[in-house]
Amino acid sequence: MMRWAALLLAGLTTTPVLGATVLQCVPYARTVSGVQIYGDALTWWDQAENHYKRGHAPRRGAVLAFRPVGPMVLGHVAVVSRVLDDRRVLIRHANWSAPGAIEEDVLAVDVSEEGDWSEVRVWHSPTNRMGARSNPTFGFIYPDKPQLREFRTDPALGVSTRFASMTVTKEDPEEDSAPLRRSAAQPRLAVDLRAIRYADAAPSARSLRDIIADVKRDAALR
């Protein structure tokens with residue numbers, strides 16, 4: 001259980017390990033989305049003004065911009081790869097669950113009171129479950145021509161590791177509008193705001209014992 005909690009903590013930071021240069025979320029999101037914005041993730045929302053449309057509804061190819069919170073002082077950006085319904089999307093992003101890690105087509109869930117995607121929970125690959133923390137966001141940045149571009153590992157951008165994506169496939173891989181077939185491995189998450197408020201405290205204000213208790217409670221909710 002202690003090792004499990006340590007893995008969970010690894011997903012709460014975007015700093016490199018031992019000073020190593022690792023792939024950051026910004027160059028990954030820029031490559032995959034085609035949104036030509038540079039600088040730290042926390043600046044993307046303001047930079048997008050007058051250059052890209054912005055909003056609070058998920059669309060395929062849009063960039064979800066996260067607000068800085070806790071140890072994630074530079075914010076975060078992720079690309080929507082598929083909209084499942086009003087409260088669930090699949091995303092592609094880097095440097096979230098572990099330094100330099102690439103996670104493709106993993107679940108993000110809107111847990112905001114108003115259903116406006118101002119707070120989300122995100123899949124954590126090392127523990128194979130939803131992250132315990134809710135994360136505040138600015139909203140979505142929409143590229144001029146939505147298209148998911150392939151990301152090829154580039155040492156110049158830093159060291160990276162690819163986690164296997166969640167098992168989510170289309171009935172007909174040639175038809176973009178085909179329904180998804182989700183395996184039993186995909187988490188079933190009811191959007192019950194009362195059940196997830198326990199995770200809202202900033203990680204810096206919580207002890208390791210609190211986090212372990214949260215992990216156990218999260219497992220019991222399933």
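Q: Before we start, what counts as buried here?
A: Buried means under 20% relative accessible area. This is a predicted model.

Q: OK, then W96: buried or exposed?
A: W96 has a relative accessible area of 5%, so it is buried.

Q: And which residue does W96 pair with?
A: With F66. The two form a tilted aromatic pair, 5.3 Å centre to centre, with 50 degrees between the planes.

Q: Where do F66 and W96 lie?
A: F66 is in strand β2, residues 63-66. W96 is in the loop between β4 (88-94) and β5 (101-110). The pair therefore ties together parts that are 30 residues apart in sequence.

Q: Is F66 buried or exposed?
A: Buried, as its relative accessible area is 0%.

Q: What about N95, what is its phi?
A: Near 65 degrees. That is a positive value in a residue other than glycine. N95 sits in the loop between β4 and β5.

Q: Buried or exposed, that N95?
A: N95 has a relative accessible area of 1%, so it counts as buried.

Q: Which other residue has a positive phi without being a glycine?
A: N50, at about 70 degrees. N50 is in the loop between α3 (44-48) and β1 (53-55). With 75% relative accessibility, N50 counts as exposed.

Q: Back to the rings. How many aromatic pairs are there?
A: The structure holds four. One of them is Y28 with F151.

Q: Why is the pair of Y28 and F151 called tilted?
A: Because their planes stand at 55 degrees. The ring centres of Y28 and F151 are 4.8 Å apart.

Q: Now charges. Which ring does R54 lie over?
A: The face of W45, at 4.6 Å from the ring centre. R59 lies over the face of Y142, at 3.9 Å from the ring centre.

Q: What's the average pLDDT of the protein?
A: It averages 78, and 64% of the residues score at least 70.

Key:
Residues numbered from 1 in each chain as written. Predicted model: local features only at pLDDT ≥ 70, side-chain atom pairs only at ≥ 80, totals over all residues. Heavy atoms only, no water. pLDDT = per-residue confidence, 0-100. Phe/Tyr/Trp six-rings, centres within 6.5 Å; stacked < 30°, edge-to-face > 60°. Helix = DSSP H or I, 4+ residues; strand = E, 2+ residues; numbered from the N terminus. Buried < 20%, exposed > 50% of the residue type's maximum accessible area, 1.4 Å probe, protein only. Lys NZ or Arg CZ within 6 Å of the ring centre and 35° of its normal.
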